[in-house]
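Visitor: I would like a close look at a single part of this model, with attention to its surroundings and to the charged side chains. Please take me through it step by step.

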Amino acid sequence: MTPYAQAERLAAGQGQDLDFAVCAHMLSGYVVNTQDFFFLARVIHHHWPESRRCDPTDADPAGDTLFIWCLAGDLQKAESYFPLLPAKKWVAFARRNSPRFWSYDRFRSSIARDVRRCL
């Protein structure tokens with residue numbers, strides 16, 4: 001299964017329209033799709049309510065948080081793209097509908113640790 005197909009299944013399971021989210025992120029965020037991984041991210045403010053954080057059309061380049069809306073596939077290869085994204089104070093994502101905020105440095109070191117553990 002391709003990373004995009006994994007992302008489609010994940011989005012559908014949460015009642016989300018991945019095609020809509022991709023278009024929204026193309027306009028106001030970041031879309032990276034390779035044969036190894038797929039991710040959508042955009043810049044938001046950490047104090048935004050959940051309704052704004054989860055709305056793929058809502059972004060603010062001046063925000064303090066890189067919000068990862070979707071990530072599927074090979075985490076090790078995806079991690080190599082993170083330095084190309086804007087370094088913000090926070091990195092956030094929702095897992096099981098629960099928002100998680102990490103400092104950018106802690107997030108990067110955690111990914112590196114997880115990747116080493118998987119090798």
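Guide: Once neighbours within four places in sequence are set aside, Arg53 is in contact with Arg42, Ile44, His46, Trp48, Phe67, Pro99 and Phe101. The model is a predicted one, and in it Arg53 belongs to helix α3, which spans residues 50–53. Arg53 is buried and yet has no salt bridge, since the nearest side chain of opposite charge, that of Glu50, is 4.9 Å away, whereas a salt bridge requires a side-chain nitrogen of Lys or Arg within 4 Å of a carboxyl oxygen of Asp or Glu.

In α1, the residues Pro3, Ala7 and Ala11 are buried. Viewed down the axis of α1, its buried residues fall within an arc of 75 degrees, so they line one face of the helix; what covers them includes α2, β2 and β3. On the other side of α1, Arg9, Ala12 and Gly13 are exposed, and just after the helix Gly15 takes a positive phi of about 70 degrees.

To return to charge, side chains of opposite charge can pair when their charged atoms come close. The count of salt bridges comes to two. One of them joins Asp58 and Arg52, with 2.6 Å from N to O; here Asp58 is buried, at a relative accessible area of 15%, and Arg52 counts as partly exposed, at 33% relative accessibility. Asp36 and Lys77 also form a salt bridge, in which the closest N and O atoms are 3.6 Å apart. Asp36 lies in the loop between β1 and β2 and Lys77 lies in helix α4 (residues 75–79), so this pair ties together parts that are 41 residues apart in sequence. Asp36 is partly exposed, with a relative accessible area of 28%, and Lys77 is likewise partly exposed, at 38% relative accessibility.

The loop that holds Asp36 is also the place of Gln35. Gln35 is exposed, its relative accessible area being 72%. From C-alpha to C-alpha, Gln35 and His45 are 31 Å apart in space, although 10 residues separate them in sequence.

Conventions: Residues are numbered from 1 along each chain as its sequence is written. This is a predicted model: local features need pLDDT of at least 70, side-chain atom pairs count only at pLDDT 80 or more; totals for chains, interfaces and linings use all residues. Side-chain values use heavy atoms; hydrogens and water are left out. Helices (H or I, at least four residues) and strands (E, at least two) are DSSP runs, numbered from the N terminus. Buried means under 20% relative accessible area, exposed over 50%, partly exposed in between (1.4 Å probe, protein chains only). The arc is that of the directions from the helix axis to the C-beta atoms. Contact means heavy atoms within 4.5 Å. Lys and Arg count as positive and Asp and Glu as negative; His and the chain ends are not counted.
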